[in-house]
Each structure stands twice: as C-alpha cells, then as structure tokens.
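Here is a friendly walk through the sheets, helices and cores of this structure. Please keep the view open as you read.

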Amino acid sequence: MSAPVYNFAYLDEQTKRMIRRAILKAIAIPGYQVPFASREMPMPYGWGTGGVQVTASILGPDDKLKVIDQGSDDTTNAVSIRKFFVKTAGVETTTKTNEATVIQTRHRIPEQALTEDQVLVYQVPIPEPLRFLEPRETETRRMHALSEYGLMHVKLYEDIARHGHIATTYAYPVEVGGRYVMDPSPIPKFDNPKLSDSAALQLFGAGREKRIYAIPPHTHVKSLDFEDHPFEPYRHDAQCELCGAMDSYLDEVITDDAGTRMFVCSDTDFCEDRRAAGHHGPQGGPVAAIEKEGAHG
Amino acid sequence: MLDITANTPEFDPAYASQAAFRALMECMARPGEIRTLKGADAPAPFAPATAALIKSLADYETPLWLDAAFAVDKKVADWIRFHTSAPVVHDPADAAFALVADARAMPDFGRFAQGTSEYPDRSTTVIVQIDGFSGDAITLKGPGIKTTRAFSAAPLPADFAARMADNRALFPRGIDLVFVAGHDIAALPRSAMIEEH
C-alpha cells in the first residue's frame, strides 16, 4: 500500500492563499493581528499550529528550515515540526542559525543576529496582549482601534506598586512602529531588544486564536516602560557552564536530587558554535560539541 | 488568439504560486525594493507578473475590480473567472484586489476599500501596471526601510505624493499598492511614508 500523498508543505493551495493574504496585510500593518481561518493540523493546539501554518505557507523547495523550542534544536516540539516539513515538503533542515532561510521558533529569538535573507516565524499561544486585562474580543479590538492602551500601563504600574519593579519577565508587551501594542509571544524579556530594527522579517502565527501578525524588518519596537522605571532585560548573573558565555540567555538546569544546579545557554546552536570555536566553561570541554552533532533529528 | 483555458504549463499551482507570493512578501516587507517574478501568460493588458500574482493570490474569496483598460476586453474577466473563480465586481470599494492598467488614470484611493478602524485589513490591495521603475525618484521611509530608500515608477498620477500622504494619514486604514512592470514588482504598503524634500 502506498503512503498517503500530501500537497507540498501539507496545506492545500486555497488555505495557503488565504494565509498568504493575511501575511501580506500583517506586514502592511505592523503589529496588527489579522484574523485568519486557522486549519486543524495533525498536531494539537499548543504545539505550534499557528507557526506551522505560517511556515507551510511561505516555505519553498529551496528553503532551509531550522526549528527551535526554547532555543533548543533537539527538544520534542522542534524535532517533530522539523520532521513534519521534511516529510511533507522535502525541504532541507539545519540546526545552524546562519544557514537557515526560515526559522520557526517557540519562545526564543536566536542569539546570533539574523540577516535580511531570513524569516523568523513565532509560535504564539495568546496573541492578544490585552486579553488578561479585558476578556471581551469586541472591547480589545476597540481598544486597539483607538490606541487606548492605558490599561496596559496600569498593569505595569501595579507591578511596580506591588514588587518595586516591573515583574513581567516573558511575553513583555511592546509597541510596534509607534502604533499597535503587541504580544511578542512568550519570549523572555531578555530577547525584547532583538525584536527592534531586526534585518529579518518576523511573522507570528496563533493557531488556536486564529491570528497572524508581523514586524517588518527595520521597524522600531519599543518595550513598554516608564521614564522612572525604564525597561531592563533580565539575565541570570552567571556564565554558561558549557561554553562560558557571559552574554547569552541562560537556562537553569537542576542536575540531582540535592538541588545542585547549573546554567547553560538556552540557544543550543550558539553554545555549540562557541565550544567548536574553543570557548569553554567550567563543565564543558570544546570537544563534546562535535560529538553531539549526530544526535539531531 | 490566446485560449483563456490554457494554463501556462510552467506555472505550477504549488511551486510557482509560492515563488510569486514569496517575492511579493519580500517586497511588502521592504517597500520600494524591486523583485523579479517568473510570470504567467494572460490576455492583454495583463503583464506577466500581474497574471502570476493573480493566479497565486486570488480565488473565490477575493472580489476583483478592473479598471477601464482591463475591463474593455471580455477575455480578461473570462480568464480571471476560469483560472481563479474570483468574482469581478463593479464597485472598487467591494474589491480585495484591484487591477489598474492605466496608471495615470488611477481612481482616487478613497474609492477603494479602506478597511475599518477595528478591521484595517479589510481593504483593497491595488495592483498597478506601469512602464518601468524609472523617472523622478521619491524618498521612502518607514517600517521595512533602514534609513531611506529611493523609489521611481512611471507613469504615475501627477498628485501621487499627495495621495500617498493622504493614505498614510489614514493609517492603520488605507490601501496597499503593488507596482508591476513586465516581470518586475515592487510594493508600497500603507505603512510607507514619503519624505518631503
């Protein structure tokens, strides 16, 4: 029996046209959430169905795809999405940030600066930055229409009143091109500065919530803050135990029952590149990086 | 005589559509930048790139409006209906895409769908055929442009810069423009601003 045959990149052509039209509007109106007729995908909501539909609609046979989940190329979500596109589109995949033309991401922006030949596709769980403040879609839509974002500033102010600082650490709200307030997806606020003036096009897909939005290249993206409480990215005050990096975003890993912990780069490709180049931290030799190469799915 | 039912053999619905869309996506993301498409055959006055974009983006969900130069030959509407199933509409305010072959006589931007404050995406994308990307340059800035970018297109209506300023003043409402010259395309999304000299 022959295997089921899919259209290129799984989606049918009418669906791709619909998504492509939404992407064009999203680019023309930076930060505005364009509604689209999200399809059921052969994976559950929460596994990146929005990002997958955006990627499937832009992908061509010559693209080289990289997929990361929390910065890592080899976690379940990243491996299964990569395999999905190998099977349905036959595209080449890579774990190298600088070799990829399309990068689909869940919750991180690669450490390495992106180029104008790359597109970054975000998986978004809840696209509406105002949703936890105002549950009614009719109201949040009107608030966006009127640029009425006072409520968001009240929320940030309440953080300061309660904790002494803005305690939002991920999905930190941003203002795109001086107009729309946007949820950058649950990236750590460490990554927020990379949203602004990027050379790459950034596309955001929310499958369950049926929204697509975009940040064109070289667009100013401002993290919301106050004059006396300016936005500050957060990073653990530590170095990567494997590559010794002092400037990358770190994951905290518990290594035994006694609560011993280590910090490692969240961006696995960045860490491997550094180790291959001879950098190493207290626990990592440069050689281990090469051994790990074969492990990617 | 061109048979309207002929599907350009090399225009593959999956691969050629993707290539055409991807070029337009890059153009939208970088206003004023010019990309070259493979193009498709269609009755006059269709430019090859216009035909490729329509085949790639139009379907039964996207009403099309045709300017007088496009509407004069019935073969154009027949070709659109056969290849895309898109309805051809008489009122530009109902159109998802508008095709303009006579750029100088382009209708006032206000006649197209502008979107609403709550749904600014419900607006017309106007595809304008021109002779070429040359002539007096305007200076663009805004999202997608690092500093400024020079853009030329001819022919254009004499009051083009003023129309663009009015369109930008409506932001986030407004229309998006795609320019086509033969196989080359460029876009001016509503976010683009024209710098005053």
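## The sheet of chain B

In this predicted model, Thr125(B) stands opposite Asp176(B) of E8(B). The two strands involved are E5 (residues 125-129) and E8 (residues 176-181) of chain B, which pair in the parallel sense over five bridges. Strands, at least two residues of E, and helices, at least four residues of H or I, are DSSP runs numbered from the N terminus; two strands pair if DSSP finds at least two bridges between them. Both belong to an open sheet of seven strands with mixed pairing, in the order E1-E9-E8-E5-E4-E2-E3 (chain B). Strand E1 (35-36) and strand E3 (88-89) of chain B each have a single partner strand, so one side of each of these edge strands is left without a neighbour in the sheet.

Helix H1 (residues 15-29) of chain B packs on this sheet, touching E1, E8 and strand E9 (184-188) of chain B, and its direction makes about 40° with that of E9(B). Helix H2 (residues 48-57) of chain B lies across strand E2 (64-66), strand E4 (97-100), E5, E8 and E9 of chain B, at about 135° to E8(B). Contact means heavy atoms within 4.5 Å. Axes are lines fitted to C-alpha atoms, for helices over the stretch in contact, and angles run from 0 to 180 degrees between N-to-C directions.

A word on conventions: residues are numbered from 1 along each chain as its sequence is written, while chains are lettered from A and ligands numbered from 1 in the order in which they are written. Local features need pLDDT of at least 70 and side-chain atom pairs count only at pLDDT 80 or more, whereas totals for chains, interfaces and linings use all residues; side-chain values use heavy atoms, with hydrogens and water left out.

## The sheet of chain A

Chain A has an open sheet of seven strands with mixed pairing, in the order E1-E9-E8-E5-E4-E2-E3 (chain A). Its edge strands are strand E1 (34-35) and strand E3 (92-93) of chain A, each pairing on one side only. E1(A) and strand E9 (residues 211-215) of chain A pair in the antiparallel sense over two bridges, and Val34(A) stands opposite Ile212(A) in E9(A).

Now look at strand E4 (residues 102-106) of chain A: four of its five residues are buried, so this strand is largely enclosed by the rest of the structure. Buried means under 20% relative accessible area, exposed over 50% and partly exposed in between (1.4 Å probe, protein chains only). Five bridges join E4(A) in parallel to strand E2 (residues 64-69) of chain A, and Lys66(A) has Ile103(A) as its bridge partner. E4(A) also pairs in the parallel sense with strand E5 (residues 119-123) of chain A, over four bridges; here Gln104(A) is partnered by Val121(A).

Helix H2 (residues 49-58) of chain A lies across E2, E4, E5, E8 and E9 of chain A, running at about 150° to E5(A).

## Where the helices of the two chains meet

How do the axes of helix H1 (residues 13-28) of chain A and H1(B) cross? They come within 9 Å and cross at roughly 10°. That makes H1(A) roughly parallel to H1(B), a label for angles under 35 degrees, with over 145 counting as roughly antiparallel, 65 to 115 as roughly perpendicular and the rest as oblique. Among the residues that meet are Ile23(A) and Leu24(A) in H1(A) and Phe21(B) and Met25(B) in H1(B).

H1(A) and H2(B) have axes that come within 8 Å and cross at roughly 115°; these two helices are therefore roughly perpendicular to each other. Arg17(A), Arg20(A), Arg21(A) and Leu24(A) of H1(A) make this contact with Lys55(B), Ser56(B) and Leu57(B) of H2(B).

## Nonpolar cores

A nonpolar core is a set of buried Ala, Val, Leu, Ile, Met, Phe, Trp, Tyr and Cys residues joined through side-chain atoms within 4.5 Å. The largest has 88 residues, of which Ile23(A), Leu203(A), Met25(B) and Phe46(B) touch the most other members. H1(B) gives the most to this core, with nine residues. A second, separate core of 26 residues includes Phe109(B), Val126(B), Leu140(B) and Phe151(B).
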